[in-house]
Every structure is written in structure tokens, then in C-alpha cells.
Amino acid sequence: MRPLTEEETKVVFEKLAKYIGENIKLLIDRPDGNYCFRLHKDRVYYVSELIMRRATNVARDNLISLGTCLGKFTKSEKFKLHITALDFLAPYAKYKVWVKPGAEQTFLYGNHVTKSGLGRITENTPQYQGVVIYSMSDSPLGFGATARSTQDCRKANPTDVVVFHQADVGEYLRSEDTLT
């Protein structure tokens, strides 16, 4: 377990900024204490400083997880967010997409959101912007990237993809071995 290097921090913050913008500050300076990012076995963890200090007493080989895993670095040094980051992305998301009840299950099976499944979308959402996907009852289901801007969605065909799937809560069941 070690702090992120300057380059790693830049990559992680760029990815988070794609979804929550300037609200990254709210993740670090929280009223319930200070939080930090730590790297352990190519995975980035978001953890309270209090817990992080206590974890220094555990040998690295014996430490499995620490805090919440936000994602991992690939071999090509790119950062991929895991679904476990959804709890921290959802409250601060700049752009949101709501899917109709009939399209929820399709999204939870790992498919993209089509125009026919789109319930609502935040106004002025640009193309290729990171968005958090919600059910119509405001439960966060996952996140992705818009395939079209809000204006383009209005004139799209019902079968056109409007949001590319990146992660959904169904991954807790499908990929439970790789999330820790």
C-alpha cells in the first residue's frame, strides 16, 4: 500500500473528473474526516486516513483490501473505474441519465442504453461525457459515456445507442471475483 505518484494521481483525477467534475474536492475534504487514495496491487483504494494509518500495521502480503476499491490500473497504465466507485460518483455526478423500467434489466445485463430505453437525460449533456445511469426511481444503476449529446438524442431513432455501458450493479454478481 502506497500513495499514488503524481502521474497516477493525475490519471485517476482525470477519470473521476469525467463523471463528477470539480466535485473531486468534496471526496477529499469531507466533514467526517480526511480521505485519501492509496495504491495496492494495481488497484486504487479510497480510504479514511484513520483506517489507512491502522492498516500500516498489516504486512503488504497479508493485506487484501483497504477502504473502497475505485478501480485499477491496466498494464498499459490506463485507469479503469470499477462499479464499486458508483457510491462515490452518484451523489456528485454532473450529468445523469434515467432509464425506463423496461430498459433497466437490459442495462444490468451489460448492454448499452438505446433511445427507446431512455427516460430522461440532463440538459446540455455533451457527447462522450461520463454519466451516471439511474432508474426512474432515482436508484443508481451504473455509469457510462454518452454516445450522443442531449440535442442529438431528441432526433435519434429508437434503436440508436445513446449511452455506452461501462459498469453496472449487475457486475457484483457477474464479476465478484475480480472486484476485490
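What separates the centres of domain 1 and domain 2, taken over C-alpha atoms? The answer is 25 Å. Before going on, a word on what we are looking at. This is a predicted model, in which local features need pLDDT of at least 70 and side-chain atom pairs count only at pLDDT 80 or more, while totals for chains, interfaces and linings use all residues. Residues are numbered from 1 along each chain as its sequence is written, and side-chain values use heavy atoms, with hydrogens and water left out.

The domains first. The assignment gives domain 1 as 2-88 and domain 2 as 95-175; such bounds come from an automatic or database domain assignment. Seven residues of domain 1 are in contact with 17 residues of domain 2, contact meaning heavy atoms within 4.5 Å. Between them the two domains bury about 940 Å², with 66% of that on carbon and sulfur atoms. Buried area here is the accessible area, with a 1.4 Å probe, that two parts lose on being put together, summed over both. On the domain 1 side, Tyr19, Ile83 and Leu86 supply 68% of the area buried against domain 2, more than any other three residues.

How many salt bridges are there between domain 1 and domain 2? The count is zero, where a salt bridge is a side-chain nitrogen of Lys or Arg within 4 Å of a carboxyl oxygen of Asp or Glu. Two residue pairs are in polar contact across the two domains, both at pLDDT 80 or more. A polar contact is a pair of N or O atoms within 3.5 Å; within protein, one must be able to donate a hydrogen and the other to accept it, and residues adjacent in sequence count only if both atoms are side-chain atoms.

Now the sheet. Six strands form an open, mixed sheet in the order β8-β12-β11-β10-β7-β9. Strands are DSSP runs of E, at least two residues, and helices runs of H or I, at least four, numbered from the N terminus; two strands pair if DSSP finds at least two bridges between them. β8 (113-114) and β9 (118-121) are at the edges with a single partner strand each, so one side of each has no neighbour in the sheet.

β8 pairs with β12 (residues 161-168) in the antiparallel sense over two bridges. Val113 stands opposite Val163, and Thr114 opposite Val161. β11 and β12 are also antiparallel, over five bridges, with Gly144 opposite His165.
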